[in-house]
Every structure is written in structure tokens, then in C-alpha cells.
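Here is a walk through a complex of chains. Keep the viewer open and follow along.

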Amino acid sequence: MIRLISILAGLGFAIAALWSFGKGAYVVMTEGMGEQSAEYALHEKVRGPEGGFSFEGPVGNWDRQQLQRGYQVYKEVCSACHSLNYVAFRNLAELGYDEGQVKAEAASWQVPGIDPNTGEATSRPGLPTDKFPSPYPNSVAAAAANNNAIPPDLSLMTKARKDGSNYLYALLVGYGEPDPAKLAEYPEFETPTGLYFNKYFPNVNIAMAPPLTADGQVTYSDGTEATISQMSKDVAAFLTWTAEPTMVKRKQTGWPVLGFLLFATILAWLSKKQIWSSVKPRKED
Amino acid sequence: MSFSWARQYEPQTGVTKWLDERLPLPRLVYNAVGAGYPVPRNLNYMWNFGVLAGFFLVLQIITGVVLAMHYASDATVAFAKVEHIMRDVNWGWLMRYMHANGASFFFIVIYLHIFRGFFYSSYKAPREMIWLLGVVIFLLMMATAFMGYVLPWGQMSFWGAKVITGLFGAIPVVGEPLQVWLLGGFAPDDAALNRFFSLHFLLPFVIAGVVILHIWALHIPGSSNPTGVEVKKESDTVPFHPYYTAKDGFGLGVVLIVFAIMVFFLPNMLGHPDNYIEANPLSTPALIVPEWYFYPFYAILRAFTFDFFFVPAKLLGVIAMFASILIWFILPWLDKSPVRSGHYRPLFRIFFWILMADMALLFYLGGAHAEEPYIMLSQLATAYYFLHFLVILPIISQIEKPRPLPYSITEAVLGKDEQAAGNKPAETSA
């Protein structure tokens, strides 16, 4: 009895699924799979910087000089619109700054404060314990200043996008005009007013104006030539660090853990072998 | 409760004798996972995954309790609290990555444990109760994992919660009020986050309780084995300790190596980047998907795209998704073949591997965009899934001619059994 009911129920589910399949297949046959949009065709696969990043791979490490340069790009360019909410000035010590430099760096930023005499909202120089301040007092102000597109917080940006470090680099160098050959197939394609064409952005029209527009926009103190590509790479590295400051420590911890586990597993294998040797072995197949 | 030749616990010291007379806890452990539990001698490595699942349950509880010390289930700070754990708590990143990847590994070993049960028909009499409790554990795990994924309050947390609780909205008449009641509001917010945190903390201990029942029920008939032939005599078994403690120890080592590679070098591979964006009710992600371990069931949910007679497509999807797991409860009564092991069932074996391929396809489709040809594929895969359990299994168990079974486990292992010669002709091939 139960099997009869089950067979009927099974046929019911299968027929219902195949019913959807049949109707879907009919739609596909009569109307096709749907046309590819211009945005889809003009989008290009993310391409990282030449030579990659120093922190990639299981033994990768930060390039502290690069992180400092990236911090400089963030401070002089990105921070005009983008916050870095989860990072504190004290964290900058990990970029190779000493205590005095961290204090001086913190003090070069104005953070929201309270006037000790009147209790009114004011601003004061930052302390190492402060987090990076937001460029806008609230999200309404951020939207108002940016054509209704709120600049996202950058602390976790490289983790919040697929292949984030490379994506960020590609995005910063990806502004320009669409490929003319591809554009010929989509003559009606046009980037809407107020948006900018970027072949690496998911729908190729991004609200952010090109932030890095000229070589030498930032003057590096270590003598590195500040090309657009170099600045993009440096700030992508810096924002990879802000997204996960513990990344290198994590990888470095992994190796001894793996070594221990490998050793323990070999021991476990040997003891298993010895214990089972007292039982007659399986017959040979 | 156990075989007559099971070794008896004999306390050696004064203290253990004293304890044994008052609270025989060491005796319980000795009989459960010690030398007092005789186990078939022919278990292969597919029998490691029960112990491994137990390990990951304990790991999840330990790391979870530590994480809870630094977390706050308030929608305004939950996301920042998780970042606080990642950045400022000593070894917090390790705890969180172990917990997140530990959930994935818990599901990996549980799926292998379940598929082992499918192939060797571990659900058959007299082990139905073990199987039923196992399905209960799996359902509890799914509820726990779903609520745990909401806690970081990222985009995928929020939208996943919205989609999954929205399933209840498909129930006729009571659906909408039920959904509001479950969430404590019209959309996931503080009320939902708080109750999910509370339940996410509670349910693992409920799981631990059902695990105890699962192991208790296991010890009544004893473990199954790859031949599916029941234990007949002492030479068919070895004591759990040291034989299987050693084998499980090795298996645990291998799995932990893979686990460590994931935790230390690819900790976000199984997660979704969108969950590093704080929940935003005004911005819908391009693709809303649950965690990978729900993909097959999510694919079944999404497979029903057209109304079927008077049943709306959405309701049909919800019913099918729940049914796809609930049918496991009646599995022992659908598959009536007297032979347990797939090794001796030529027809069943073919369909088992088709089911595995079908599950693999559903895993892939559950994470894919809802567009053709993925939708059509998921409809075919869903149809086969139900046909397999509800139609094919009952029928093949009637018409199949199984291959001859070995007389005993001893014969299967050693190729001969002195007792077997007197009982039946030794014509088996294994």
C-alpha cells in the first residue's frame, strides 16, 4: 500500500516538474533564449595587474612600501568620498609606521568630537584609537553630494567582490571608451548621463567618476613613478590589507598547523597499520 | 543490547571500582565506543564519517560559544561585531573561519554519511530508527546552519532570510501571517536576528541530544557493514577500541588536513562575497543563493516555474523542496529488497550512481543563475530525484535478482568460513 501511494506521489512530482520543463522548453523554442544585452557583451573579464600582488599565494607577504603608497592614494584621492569605517589609525602601525608616525598621521585627520566647554559637536585631530572618519556626516549627505549614488565603505571592498584585489585594480584602470568593434553591433548602446563607462564594472556603467586620471596625480615619497596603473595597484593592495589585516598572519599560521597535522596523521596511519596487522588481512581479489 | 561475546568492563583501580558502583560512566563509554562494542571487521573508510560528523559538531559548539562571547545580535551592530571578531579579538579570525568552514565540513561529512547509507541500505530493518533519527539530525542541522548564516547580517544573510522565510508565505490562507509571526515583522530585522541567534545557540545542543539517541539506537543491532550480512559470530567482529578508534583517528587526520588548507589558505572560497556587504533592505543582490550545502534543495525549489492545475508554482516548489527530504523518512519501507548492500544488487547499483550524478547536477544548478538552460536542467534533475526514491526504488526491489551473498562477514573477509562449508555450498564471489 505505502509503495503504491509512493509511486503515485513520485509520478505526481515528476509530472509537475516535467510540466514546467515542457512549458519552459516551449517558450525557449518559440521565443529563443533571450537576446544578449549590450552591457553583457561589452563587459570584460577582470584582469589583475602585471606580475600580480606580493600577498598572493600560500606564502605571499605584504609589501609594506606598497601598502604605504596605497594608503597615500587612499588619503589623497579616495577618502574624499569613501569611508574606511572598520580601520583605526592604530592599525597603520602594521604598515611599518612607528608609534610617533602613527600619532602624527592620526592627527592629520579631523574626526568628529565634542567641545569640552559647550558640549557642542565639533571636530578635533584624530588619535591612534580613532577609526578613520567618514567624509560625509550621514548617508543622506553622501547621496546628495553624489547624484544619489552613495560611495560605499572601502574597508571590506576586496572581500565583498569576487577576486576582489584584481577586480579593484581592473576597475581603476578600466575607464575609457567601449571597444568600437563590439559597439558596432549595439549601435543603440549609450552610457547614461552621469555615469561612466568601465568595461570591468558588472553592468559597464558606473556612477564613480574616474578617480585616477593622470600620471603623477600623487607624489610618492619613495620615488616610485606614480602611473595610473601603479597607483591603482598600490591602492588595491592597501584595500586588500584593510579588508583582512590578518591575512598574512593567517597563512603563516597555516604552515606549522599543516606540518603538525601531517605528522600526526602519519603517526595515526602507522598505529592503525600496526593495530590491524594482528587481524588476518583481507583476501586478495 | 550487544553481542554475547562483547568484552565486559572491569574496573582496575579502587577509584574506578568505587565510581562504577555509583555512576558507571566509564562503563557506558567502554560499551559505547570502547573495547566493549564489537564492530564488524570489514568496515571500509565510508564508515568513518559518523565519528567525523561528531567531531565537527563538537568543533562547531566550541568555536560557536567563543564567537558568541564577542557577538551581539542587534541589527545595527551585528555586522560590525563580526568585523570586530576578525580584527580585534585575539585569534578571532581563526575562530570565525573555523566556524564558517566547519559548517561546510559538517555538511560534507554528513552528505557522505547519508550517501553511504543509501548505497549500503543502512536504513533497512532492524536499523530504521537509526535512519529516522539521522534524518531528524539532518533537518536540525539545516535549520541551525540557515540561522547561523543570517547572524553576520551581510547582504546574503538578509536576503537569504527573506527568501527562505518567504517560502512560508506560499502556504495557502495562513502563509502570510505565519511568515510575519516567524520573522516578528514584515522583513528580517532585529526581532528575526535576535530569535535566530537564540535558536542558533540552542539547536546544536538539541542536535547533540538526538545524536545520543542515534548512537543508542545504533548499539541495539550494532553497526551495519559493506556486505550487508548480519554479524553471526565473534570472528565477524573486532572490538571498537583499538581497531576503529585507530582507523577513525587516521581518517580524522586526513580530513583535518583538508580542513586546515581551507581555513588557512582559502577561508572564503565556500562563502559568498556579497556577505561582506552589510545588509541593505533597499538593495537586492543580483543573485540570491543560500550556502552551497542547500543547493540541491534550492534547485528543486526553483524548478517549478509554472502552475500545475490549481497548485501555484511557488507552493509546488515549496512542497517539493520539503518533500525531497521528508521522503527519506519512508525510505526503509519503500526499498523492500532483502539484500542490503549495493555490491550485491546489480540493478540498484546502476540507479544509485545515476542518483549521485543527479545530486551532483542539482548541487551545481542550485548555485546557478535562474536562466535557461539551467532551469530546464533542474526540472529534469528534480523529476529524476523523485522518480528515483518514490518509483524506481520500490519497483527494482521487486524485480531485481540479487547476486549471491557470502555466508558471513568472516567468509567475505577471509574467502572461507569453516562453518559455512557445512551449511551451504561455497559458491560466493565477492
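This is a predicted model: local features need pLDDT of at least 70, side-chain atom pairs count only at pLDDT 80 or more; totals for chains, interfaces and linings use all residues.

Taken along the principal axes, the C-alpha atoms of chain A fill roughly 85 × 70 × 45 Å. Of the 285 residues of chain A, 27% count as buried.

Now trace the fold of chain A. It holds 9 helices and 4 strands. Along the sequence, their order is α-α-α-α-β-β-α-α-α-β-β-α-α. Then look at how far apart in sequence the contacting residues are. Take the contacts in chain A with a separation of 6 or more. Residues 24 or more positions apart account for 65% of them.

Next, turn to where chain A meets chain B. Chain A gives 49 residues to the contact, and chain B gives 50 residues. Which elements of chain A give two or more residues to the side that touches chain B? They are helix 1 (2-31) and helix 9 (247-276). Helix 1 of chain A supplies the largest share of that side, 19 residues. By class, the side of chain A that touches chain B has 29 nonpolar residues, 11 charged and 9 polar.

How does the predictor score the complex? The ipTM is 0.93 and the pTM is 0.94. For chain B, the mean pLDDT is 93. In that chain, 97% of the residues reach 70 or more. One stretch needs care. Over residues 425-430 of chain B, the pLDDT is below 50. Beyond near neighbours in sequence, this stretch has 10 contacts in the model.

Finally, zoom in on a helix pair in chain B. Helix 11 (residues 295-303) packs with helix 15 (residues 374-399) at an angle of about 110°. Their axes are 9 Å apart. From helix 11 of chain B, the contact uses B:Ala299, B:Ile300, B:Arg302 and B:Ala303. Helix 15 of chain B brings B:Ser378, B:Gln379, B:Ala381, B:Thr382 and B:Tyr385. Together, the residues of this contact divide into 5 nonpolar, 3 polar and 1 charged.

Notes:
Residues are numbered from 1 along each chain as its sequence is written. Chains are lettered from A and ligands numbered from 1 in the order in which they are written. Two residues are in contact if their C-beta atoms, placed from the backbone, lie within 7 Å. Ala, Val, Leu, Ile, Met, Phe, Trp, Tyr, Cys and Pro count as nonpolar, Asp, Glu, Lys and Arg as charged, and the others, Gly among them, as polar. A residue is buried if 20 or more other C-beta atoms lie within 10 Å of its own, exposed if 12 or fewer, and partly exposed in between; C-beta atoms are placed from the backbone. pLDDT is the predictor's confidence in each residue, from 0 to 100. Axes are lines fitted to C-alpha atoms, for helices over the stretch in contact, and angles run from 0 to 180 degrees between N-to-C directions.
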